[in-house]
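User: I am new to this structure and would like a close look at one part of it, namely the salt bridges. Please take me through them with care.

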Amino acid sequence: MIDLHLHSNASDGTKKPLEVLREAKEKGLYAIALTDHDTVRGISPILDSGELSGIRFMPGIELSCEAEKHEIHILGYNIDIHDQKMLTTLENLRKGRRQRNLSMIRKFREDGIPITLEKLLHGNEHTVITRAHFARVLIEEGYCSNKDQAFKKYVGDGCKYYIPKPYFAPEDAVRLIKDAGGAAVLAHPFQYHFSNQELEKLIKELISYGLDGLEVYHSSHHYGQIVKLTEWCRKYGLLATGGSDFHGSNKPDIEIGTGRGNLKVPDHLYEELKLQYKIRK
């Protein structure tokens, strides 16, 4: 099996990139991709590790962008992690999001909730801070008991302390991935709570920008959704991918390779990506 959707502590996962690689090897996976949110900083430690024997690896990313009704995520595979346009864009996004995070911290502290940048970074100055980091601190400080409660009460859309990230258009996300030599894939399509009609409309719009595939297999997808996504891949000539969306202890119910216990992503999907985009080994 393979797992093409993994996060490290370069973004909002809790394990170091090499720890993710080693766990995947221990589980006997055929291939993996590291797809941290809006950063490629976790890729080089794996590529330079000398530990890639016995497993195939592809460099990846997960970009957040804004669709008509919902934030959506676009996965990028086989990206050139040294592409200057991509690196400049990611740095500009980080700067905007850093300002947003500081504004959220200010709102919390105005109400006496002791969230600081240091607590969010948790010793990793290069991490890309997401709302999951705020949720972790809220749990550690005793303001809520779990991540779901943190999102519902504090940092979810529409909550008092939520501030939207700087706008990044889906067409720009797809173009950034394509210009960096990669394949653009819509991540976990059924997590956005669109109707089938709305989701298919989004997929067709993304195809017009250059979308290459859909994440068919995901820890949150049930059998009927997998069937529907497979149908759309055939209908529109899209690649199918899949992965667990592993985040370590930030999503403790999701394991590398198996998701919530029954995820099985067939290895031929990696080979199809490798064939089309000549994935670096």
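With which residue does Lys160 form a salt bridge, and how far apart are the closest N and O atoms?

Analyst: Lys160 forms a salt bridge with Asp111, and their closest N and O atoms are 2.6 Å apart; the term stands for a side-chain nitrogen of Lys or Arg within 4 Å of a carboxyl oxygen of Asp or Glu. This pair links distant parts of the chain, since Lys160 sits in the loop between α6 (147-155) and α7 while Asp111 sits in the loop between α3 and α4 (117-121), 49 residues apart. Lys160 is exposed, with a relative accessible area of 52%, whereas Asp111, at 39%, counts as partly exposed; buried means under 20% relative accessible area, exposed over 50%, and partly exposed in between, with a 1.4 Å probe and protein chains only.

Before going further, please note that this is a predicted model, in which local features need pLDDT of at least 70 and side-chain atom pairs count only at pLDDT 80 or more, while totals for chains, interfaces and linings use all residues. Residues are numbered from 1 along each chain as its sequence is written, and side-chain values use heavy atoms, with hydrogens and water left out.

The structure holds 17 salt bridges, and one of them joins the side chains of Lys85 and Asp179, with an N to O distance of 2.5 Å. Lys85 belongs to helix α3 (residues 84-110) and Asp179 to helix α7 (residues 170-179), so this pair ties together parts that are 94 residues apart in sequence. Lys85 is partly exposed at 41% relative accessibility, and Asp179 is partly exposed at 43%.

Another salt bridge brings together the side chains of Lys27 and Glu255, at 3.9 Å from N to O. Because Lys27 lies in the loop between α1 (17-26) and β2 (31-34) and Glu255 in the loop between β7 (239-243) and α10 (268-277), the pair ties together parts that are 228 residues apart in sequence. Lys27, at 38% relative accessibility, is partly exposed, and Glu255 is partly exposed with a relative accessible area of 34%.

As for the chain that carries these pairs, its secondary structure comes to 10 helices and 7 strands, where helices (H or I, at least four residues) and strands (E, at least two) are DSSP runs numbered from the N terminus. Buried residues make up 55% of the 281 residues in the protein chain, and the C-alpha trace spans about 55 × 45 × 40 Å along its principal axes.
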